[in-house]
There are 2 protein chains.
Amino acid sequence: MSFQLPVQTVSRLCLIYRVLLGMDRETVLSSAKLGKLVNIPAHTIRKDLSVAGKVKSSNAGYKAGELLDFINGLFNFGAPLRVCVAGIGLLGSSFIKNPVQEGGQFIIVAGFDTNINKIEVMKSDVPLFPAYEMADRIREMRIDLGIIAVPAQAAEMTMQRMKEGGIKGILNFSPAILGDKDIAVRNVHFAEELRFLTAMIPDLEKGV
Amino acid sequence: MSFQLPVQTVSRLCLIYRVLLGMDRETVLSSAKLGKLVNIPAHTIRKDLSVAGKVKSSNAGYKAGELLDFINGLFNFGAPLRVCVAGIGLLGSSFIKNPVQEGGQFIIVAGFDTNINKIEVMKSDVPLFPAYEMADRIREMRIDLGIIAVPAQAAEMTMQRMKEGGIKGILNFSPAILGDKDIAVRNVHFAEELRFLTAMIPDLEKGV
DNA sequence: CCTCGGTTGTGAAATTTTTCACAAGTAATA
DNA sequence: TATTACTTGTGAAAAATTTCACAACCGAGG
């Protein structure tokens with residue numbers, strides 16, 4: 001369960017989980033084949049699985065389905081989670097309009113925005129609410145996770161509202177850097193991904 | 001320069017760079033204050049700066065502007081880079097419509113899509129081209145970086161086209177996992193960020 | 001039943017990364 | 001100039017993570 005697996009191991013297992021989702025359960029994969037698919041050395045994969053527990057295998061490798069169930073059991077990925085989105089801009093509405101298809105693991109159940117007009121005008125299957133109702137709605141709808149897609153200056157307050165509603169984890173796409181000791185927060189920033197990328201390219205000659 | 005700084009250090013320096021960008025150059029920051037802003041322990045920041053080189057400081061800390069210049073010099077973040085976007089869906093067009101404002105570091109100069117209709121209908125300041133022209137356009141426009149926002153099945157081919165055009169780095173938002181030995185590739189997957197988040201929450205009780 | 005060609009699982013070594021502790025520096029103030 | 005109250009920078013210790021190497025396992029085919 002959660003006897004503190006190394007963070008990197010968790011991250012790799014998530015990656016593996018993803019490719020397994022899109023694969024026939026009967027497929028048999030060696031650690032080497034799997035490694036090619038996710039760009040991870042075979043021995044690292046074996047070590048990860050070894051540290052995480054005991055997974056069934058044969059002399060040909062692992063069955064996709066069994067591996068999937070194993071990771072599933074580890075993190076309980078099977079159970080669906082309720083997710084809300086704060087900020088109905090271009091990015092926020094992209095989550096609402098094309099909900100993530102990950103074996104139904106995540107269900108977007110509500111959207112919030114300070115702009116009442118937007119809420120009324122936008123048509124969506126997902127119910128939309130004004131931002132000030134956030135804490136209450138999160139509580140009454142028993143929402144587990146929040147996606148923040150608001151401008152930087154509103155990010156901190158949005159997080160507070162989500163916390164107040166009792167949310168367990170936040171994925172923050174705003175430019176603000178959020179963090180909290182009580183709940184899990186993950187910051188994702190596009191420009192920064194680009195920047196990190198360029199920092200990793202050794203001989204990038206920059207033109208105009 | 002690029003005498004292989006630890007990956008994590010690079011990542012943290014990018015984060016620091018981000019907060020510095022939105023700050024008065026004259027602000028003086030101690031490693032502790034800076035640490036609070038980015039959720040990194042003070043000693044880690046000092047160590048990072050120390051392995052990266054020699055940055056000016058006083059008994060009160062670092063001047064934002066000088067720190068910025070230092071990181072800048074390290075990775076040459078000052079020079080603008082030309083970026084293109086493949087796939088003009090909801091996500092792709094969000095890059096084209098609200099270009100990242102990061103001190104003009106990234107300039108979106110072209111968009112590509114297989115759907116010719118979309119290209120003709122959509123109005124945008126950024127020129128849009130059919131996907132099959134990708135390699136040629138990238139070459140002639142001297143584009144440095146590519147953002148992939150196409151469906152999974154088109155991702156691999158898109159990467160090949162970008163490589164063919166001579167691109168240096170790719171930020172991949174498609175569900176496919178891309179990797180290449182010649183160019184830098186970074187995969188970003190929203191559902192997976194959510195999944196990782198939940199995996200890190202120890203006592204997440206999952207309801208319906 | 002033995003061997004061959006493949007695989008996993010894992011202790012131990014190697015490496016990387018973080019943390020710690022503290023000498024040394026600096027400005028301000030008396 | 002001496003003192004105080006901050007700071008940085010960094011070698012060395014500690015911890016975390018990855019890599020390695022190889023015993024053990026498995027199934028198929030003589």
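Does B:Asp113 count as buried or exposed?

Modeller: B:Asp113 counts as buried, at 8% relative accessibility (buried is under 20% relative accessible area, exposed over 50%, partly exposed in between, with a 1.4 Å probe and protein chains only). Before going on, please keep in mind that this is a predicted model, in which local features need pLDDT of at least 70 and side-chain atom pairs count only at pLDDT 80 or more, while totals for chains, interfaces and linings use all residues. Residues are numbered from 1 along each chain as its sequence is written, chains are lettered from A and ligands numbered from 1 in the order written, and side-chain values use heavy atoms, without hydrogens or water.

B:Asp113 has a partner in B:Lys118: the two form a salt bridge, with their closest N and O atoms 3.9 Å apart (a side-chain nitrogen of Lys or Arg within 4 Å of a carboxyl oxygen of Asp or Glu). B:Lys118 is partly exposed, at 35% relative accessibility.

Side chains of opposite charge can pair when their charged atoms come close. Over all chains, the structure holds 24 salt bridges. In chain A, A:Arg139 and A:Asp136 make one at 3.4 Å, N to O. Both belong to helix H7 (residues 134–141) of chain A and sit three residues apart, about one turn of the helix (helices, H or I of at least four residues, and strands, E of at least two, are DSSP runs numbered from the N terminus). A:Arg139 is partly exposed at 44% relative accessibility, and A:Asp136 is also partly exposed, at 47%. Elsewhere in chain A, a network of salt bridges links A:Lys163, A:Asp180, A:Lys181 and A:Asp182.

Now to a pair that leads us to the interface. B:Arg186 forms a salt bridge with A:Glu193, their closest N and O atoms being 2.3 Å apart. This pair crosses between chains, from strand S8 of chain B, where B:Arg186 lies, to helix H9 of chain A, where A:Glu193 lies. B:Arg186 is partly exposed, with a relative accessible area of 28%, whereas A:Glu193 is buried at 13%. Leaving aside neighbours within four places in sequence, A:Glu193 is in contact with B:Leu171, B:Arg186 and B:Val188 (contact means heavy atoms within 4.5 Å).

Stepping back to the whole interface, 68 residues of chain B are in contact with 68 residues of chain A. The buried area between them is about 5,900 Å², and carbon and sulfur atoms give 69% of that (buried area is the accessible area, with a 1.4 Å probe, that two parts lose on being put together, summed over both). Four salt bridges are counted between chain B and chain A. There are also ten residue pairs in polar contact between these chains, both residues at pLDDT 80 or more (N or O atoms within 3.5 Å; within protein, one must be able to donate a hydrogen and the other to accept it, and residues adjacent in sequence count only if both atoms are side-chain atoms). H9(B) gives the most to the side of chain B that touches chain A, with eleven residues. That side divides into 42 nonpolar, 14 polar and twelve charged residues (Ala, Val, Leu, Ile, Met, Phe, Trp, Tyr, Cys and Pro count as nonpolar, Asp, Glu, Lys and Arg as charged, and the others, Gly among them, as polar).
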